[in-house]
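Morning, everyone. Let me put the model up, and then we can walk through its sheets, its helix pairs and a few backbone details.

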Amino acid sequence: MGGGFYISKFVGVVGIVFGAGAVATIIALAVVYSQEVAKNEAVSPTNGGSTIKPPVTTPGGSTVKPQITTPVIPTTAPSNEPWDKYRLPDTLKPDHYNLTLWPRLTVNAQGLYIFTGKSYVVFQCVKETDLILIHSNKLNYTKWDDDHLAKLSALGSTPAPTIKKSWLQPTTQFLVLELNGKLAVGESYQLDTVFVGELADDLGGFYRSVYTEEGEEKVVATTQMQPTDARKAFPCFDEPAMKAIFHITLLHPPMTVALSNGMEHAPVAVDEVGPEGPVSVWRTSFDETKKMSTYLLAFIVSDYDYINSTNDNVLIRIYARKKAIADGQGEYALNKTGPILKFFEKYYNSTYPLPKSDQIALPDFNAGAMENWGLITYRETALLYDPKMSSNSNKERIATIIAHELAHMWFGNLVTLRWWNDLWLNEGFASYVEYLGANEAEPDWNIKDLIVLGDVHRVFAVDALASSHPLSSREEDIQKPEQISELFDAISYSKGASVLRMLSDFLSEEVFSTGLSTYLNKFAYGNTVYTDLWDHLQMGINSTGTSLPTGQTVHSIMNRWVLQMGFPVVTINTTTGLINQQHFLLDPSTAGSVPPSDFNYEWIVPIRWMNTGVVQQQTWLEDRTANKPEMIVTGNNWILANLNVSGYYRVNYDNNNWERLLGVLSSHHESIPVINRAQLVDDAFNLARAKYINTTLALRTTKYLRSEREYMPWESALDNLDFFYLMFDRSEIYGDMQTYLKYQIEPLFKHFGNITGNWTEVPTGHMDQYNQVNAIRVACSTGMEECQTLTKGWYSQWMKDSANNPIHPNLRTTVYCSAIAAGGAAEWEFGWDQFKAATIAIEADKLRSALACTKQPWLLNKYLEYTLDANQIRKQDATSTIVYIASNVVGQSLAWDFMRDRWNYIFTQYGGGSFSFSNLINGVTKRFSTEFELKQLKQFQADNSEVGFGSGTLAVSQSIERTTANIKWVAENKDSVHTWFTTEVPKE
């Protein structure tokens, strides 16, 4: 699944202004990742029995007694009964399902949207049992003639035992059938059910999405099953290893389009009898699916249109709202899908396993995208591209998310991990190879470099906390739906991507893809554990003669990166040649609270390095310390390690080498590769946070930026200076920081003015376009008059003629933000009107983030109220909007008060798939750095212990840890930072 966090990678960051405006910080970093964002996070499962009791008839017009009394056994203290455990027993194995669903796209007499369904599953008994457990959540069942909730029949010669007792167990989400006899091993049985569910707007299971087209409200019935919501759509064995074949039929209003994983057959007009009386509908059935997991199922009914092409006998279709298709917004996705599919076929050495690849853009969708096999669902902003409205970062997001989801068609869908504790391999892998796929689609972008900013640096921030966790969890520790949902975080996505990239780098891409190919071939249509991949990569090493350090294997090296949390800092002494590694913690005083590790927090570290600009042979650090005489340098020579940040670790040096590197940066910075210029800045700031080096040494890495024109080092510096803004934008240091940064940005601002013909053209390079945005954002937010005149002029020109927006899409987020920050109610209200009128989600997103930039508290309070009104702000956007407001120094305390006051409401009303609680908690508390704020945070935790925090539980403890560290950091650094900025401020 592509995380809601994708938004945060570049787009969400671009328009937030420093200090006086909102601080430009990758707020969504402790997701989730939210990257489908993450990637926000996966849809949180919803618990409990349904609240609806509508009359029911079956889709096929069955004569089943229309009784809907669904007995629910009251839950007492947990027992040892199988139905009180969260995992399925190993007694039954599904073979195939036959499922008919009828979603109603209009409300019924009770004012509810519902769907009715009938289904049967054929399963085999693999261990003798007198109990059937099948997942079911928020479904009500029609009783059969024997007064039970399901009908059991045998497919062999031995009759099936009768049902003794049937009930729903809401806590563990099971339909339970106790039998009067045993099921026979090796025999096959059929279980029939008739049921009804609510087509709610909770973004999980089978749900509804609503949009307006030409003044008419339209409803889409759509799905999001991952991780545990297929059971909200129909009763099923809802675990990834319970693969089966699915025969799906949808009943839907005439002239609407029905889609599912398999290729649709021509619809047939039929008459059905529902509670509403006789109804003429279309019946669409689909080709049977491949053998697959329940979480990858999708079925959608809509009034959409599509465009299509055929690529090597694979039908590629892009579905969206009719206007979006008519306006050509699907063309970019259609043009890029074919080449990306082709790339992955080559990369995996495996043909795409399906006859079609449908991709559909949904108005309401919690994640960034979801890799349903053959029918991938997306947020509109992750699939639709309009050159008149979309920026280059929007385009990049679309290319990378399409690549992420298509990568899953093999890795995740064809071969699926056995249980959710190995989710990191599925999502980490797709988060790594998305850059390779996007690079194929857009070879001029150098996009592969951006994984360093988008994933490696991003996740370092989370993985350097004592409250981090290892990539792989123990299977027995991940049982409940909410525990599964918590795994959809930055560690799984971004650390997973980072360590797999490192593995591919030290094995070579050739060996890596050879191992992948044999892995996919062996386990096709089956399930694996992560060590199965290590076995196949080791086979690739053995067959190609690739060398690893003596006595090491893929298992022995990777165990240390996967089974223990965190990462090392490698310190190189260029005077003695001694190097050592240590577990890197942002707050060294938390070392005592770190859980023990079987590997004692030592890693086997691959080191790519250069000596004074000359690349050397890769070396390894296999122990805590080692002697590397080849790393001794004298005179003006210098050492630089972790070239291109291919390894998942930070690097520290002796002071002499740091001074020489600073000298190289100031005299001829091009001698250091551009990724490593970004790395030097990021490592230095974080090493200073962790007290390895002085904070002033880190600040000195930014001095050379007056002569830097490349995006990655600037972005790295601005990301790190964000922390200083978060800590000091309410203090007396703020003014000197602003003056210093204005001085540093001035040459970059003038550079872009020159190469764009005084802001009339677009820079040619992809990363130059990003850096142009940085130049305007920082110049305006630090008070450069020339910049503010420019942005206010563009915005007021637009206000005078709203039909003609003169601002280039690349610059809109930052220009809107700057103008709204500098303006008052008129500018804000104009922005709000444009947001409400926007027909393109990408444009609406730009305005939504910019509206949080106002300095007027009353406007920010008004905006906060709107976030919990789904008529004003879509549920899927509520979290990120509150976080945008909290990023603004004026809005931060307002957002914190708002979240505390409304937590019960937010948690209960938005508890389904619509809210990424970890993003929200981390985002609103990021600026906390005082004892008073820490006390408030702990009080918030205590006050809501009964309500709970869901997928944000870990984020609360991370926020307390981060706030404690911030308090200490400010106390230790405030004076030296103040002195440094005062000294460095250019004298007028």
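Start with an open sheet of five strands, ordered E16-E17-E18-E20-E19, with mixed pairing. Two strands count as paired if DSSP finds at least two bridges between them. The edges belong to E16 and strand E19 (369–370); each has a single partner strand, so one side of each is left without a neighbour in the sheet. As for labels, helices (H or I, at least four residues) and strands (E, at least two) are DSSP runs, numbered from the N terminus.

A word on provenance. This is a predicted model: local features need pLDDT of at least 70, side-chain atom pairs count only at pLDDT 80 or more, and totals for chains, interfaces and linings use all residues. Residues are numbered from 1 along each chain as its sequence is written, and side-chain values use heavy atoms, with hydrogens and water left out.

Strand E18 (residues 356–362) pairs with E20 in the parallel sense, over five bridges. Ile360 has Thr377 in E20 as its bridge partner. Helix H5 (residues 392–408) packs on the sheet and touches E18, E19 and E20. Contact here means heavy atoms within 4.5 Å. The direction of H5 makes about 150° with that of E20. For such angles, axes are lines fitted to C-alpha atoms, for helices over the stretch in contact, and angles run from 0 to 180 degrees between N-to-C directions.

Stay with E20 for a moment. What does Arg379 form a salt bridge with? The partner is Asp877, with the closest N and O atoms 3.3 Å apart. This pair links distant parts of the chain: Arg379 lies in strand E20 (residues 375–379), Asp877 in helix H24 (residues 875–887), 498 residues apart. The rule is a side-chain nitrogen of Lys or Arg within 4 Å of a carboxyl oxygen of Asp or Glu. By that rule, the count comes to 46 salt bridges.

Asp312 is found in the loop between strand E16 (305–311) and strand E17 (314–320). Its phi is near 50°, a positive value in a residue other than glycine. There is also a cis peptide bond, from Gln226 to Pro227, with omega near -5°. Pro227 is in the loop between strand E10 (216–224) and strand E11 (245–252). For context, most residues other than glycine have a negative phi, and most peptide bonds are trans.

Strand E23 (residues 568–572) and strand E24 (residues 578–583) pair in the antiparallel sense over five bridges. Ile572 has Ile579 in E24 as its bridge partner.

On to helix pairs. Helix H9 (residues 490–507) and helix H11 (residues 530–544) pack at an angle of about 15°, with axes 12 Å apart. H9 and H11 are therefore roughly parallel to each other. Which residues make the contact? Leu500, Leu503 and Leu507 come from H9; Trp534, Leu537 and Ile541 come from H11. By class, that is six nonpolar, no polar and no charged residues. Ala, Val, Leu, Ile, Met, Phe, Trp, Tyr, Cys and Pro count as nonpolar, Asp, Glu, Lys and Arg as charged, and the others, Gly among them, as polar.

Next, helix H17 (residues 734–755) and helix H18 (residues 766–781) pack at about 140°, axes 8 Å apart. That makes H17 oblique to H18. H17 passes H18 in a left-handed crossing. A crossing is left-handed if the near helix is turned anticlockwise from the far one by less than a right angle, and right-handed if clockwise. The contact includes Leu741, Ile745 and Phe749 in H17, and Asn771, Ala775 and Val778 in H18. By class, the contact of H17 with H18 has nine nonpolar, five polar and one charged residues.

Last pair. Helix H23 (residues 857–867) and helix H25 (residues 892–909) pack at about 35°, with axes 10 Å apart. Their crossing is right-handed. That's the tour; over to you.

Technical notes. Angles under 35 degrees count as roughly parallel, over 145 as roughly antiparallel, 65 to 115 as roughly perpendicular and the rest as oblique.
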